[in-house]
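Me: I would like to go through the aromatic side chains of this structure. Could you take my questions one at a time?

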Amino acid sequence: MNYKAIAFFDLDGTLLDQNSQITPEVADGMLRLKANGVLPVIATGRTEIEILDIRKAAHIDSNIVMNGAYIRVDGQEVYSDLIPKAQIEKMYHAVLDHGDQLAYYNEGAIWCTGHSEDLIGAYTFIHSKIPPIDPQGFQNKPVNMLLVLGREHRDFYEENFPAFDFYRNTPYSMDTVKKGISKGAAVKILQEKTGLTNLPTYGFGDGPNDVALLGACDHKIAMGNAGEELKQMADFVTKKNTEGGILYALEHFQLI
């Protein structure tokens, strides 16, 4: 299809409602967006296995997942960045030594070192399933992203693991990706891999891991429920995700 623009949507607090669902109004908006020649792309810290139902409900076939570590466009994989086993093993021992837990992610699976109160809290927070336990699964399965499950020790991890970036997206967890991996970097990679480099881009978000996303897009849209940092950098602050903010912004920019 000949696209005329690309729209990138965060999920929690942005495209989804308060129950982490796609409303019928948003689903209809995505169909209208596509009919107008705009490519909708989900851009999330989650991985694909967690968002298959969301993608289907939203009629979206393209995604940036795991904060930019994996990209799919129109159903086809275009990019996958893996974390070396040696780095994962070092993180594994440090996490357990500090009484935290670790979850492992690739596009098709999530597994973890063990179930703790913080781990259960993190997945309950985003209405997602508790992953199975497989502490050494990283030895024979590819890993694009890690999740450190714990409410403390951020300073320790940042000091001792300079090869990683840490995004605290729930009170209980930190998304952990290789340094330089971000939703923003993925926007540029997606455009280069697909040849869609000359199209205007629109970024929609609400949280700290959306700063890079909005920074990489031509048009920066913060949700009404977004943090102050995101609102300050935005070209347009729309209504809250629970108040029709997505459709309000799409209409403002005449995308639907």
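**Aromatic contacts**

Reply: To begin, Y248 is partly exposed, as its relative accessible area is 38%. Please note that the model is predicted.

Me: And F236, is that buried or exposed?
Reply: F236 counts as buried, because its relative accessibility is 13% and the cut-off for buried is under 20%.

Me: How many aromatic pairs are there in total?
Reply: The structure holds 13 aromatic pairs. One of them joins Y157 and F166, with ring centres 6.3 Å apart and planes at 35°, so this pair is tilted.

Me: Are Y157 and F166 buried or exposed?
Reply: Both Y157 and F166 are buried.

Me: Back to F236 and Y248: what is the geometry of that aromatic pair?
Reply: The F236 and Y248 rings are stacked, at 6.1 Å centre to centre with 20° between the planes.

Me: Where do these two residues sit in the chain?
Reply: F236 belongs to strand β13 (residues 236-237) and Y248 to helix α10 (residues 245-252). The two are 12 residues apart, and the pair links distant parts of the chain.

Me: Which residues form an aromatic cluster?
Reply: One cluster consists of F156, Y157, F161, F164 and F166. It therefore includes Y157 and F166, the tilted pair described above.

Me: New topic: which lysine lies over the face of F161?
Reply: That is K90, at 5.0 Å from the ring centre of F161.

Me: And what lies over the face of W111?
Reply: K141 does, at 4.0 Å from the W111 ring centre.

Definitions and conventions:
Residues numbered from 1 in each chain as written. Predicted model: local features only at pLDDT ≥ 70, side-chain atom pairs only at ≥ 80, totals over all residues. Heavy atoms only, no water. Phe/Tyr/Trp six-rings, centres within 6.5 Å; stacked < 30°, edge-to-face > 60°. Buried < 20%, exposed > 50% of the residue type's maximum accessible area, 1.4 Å probe, protein only. Helix = DSSP H or I, 4+ residues; strand = E, 2+ residues; numbered from the N terminus. Lys NZ or Arg CZ within 6 Å of the ring centre and 35° of its normal.
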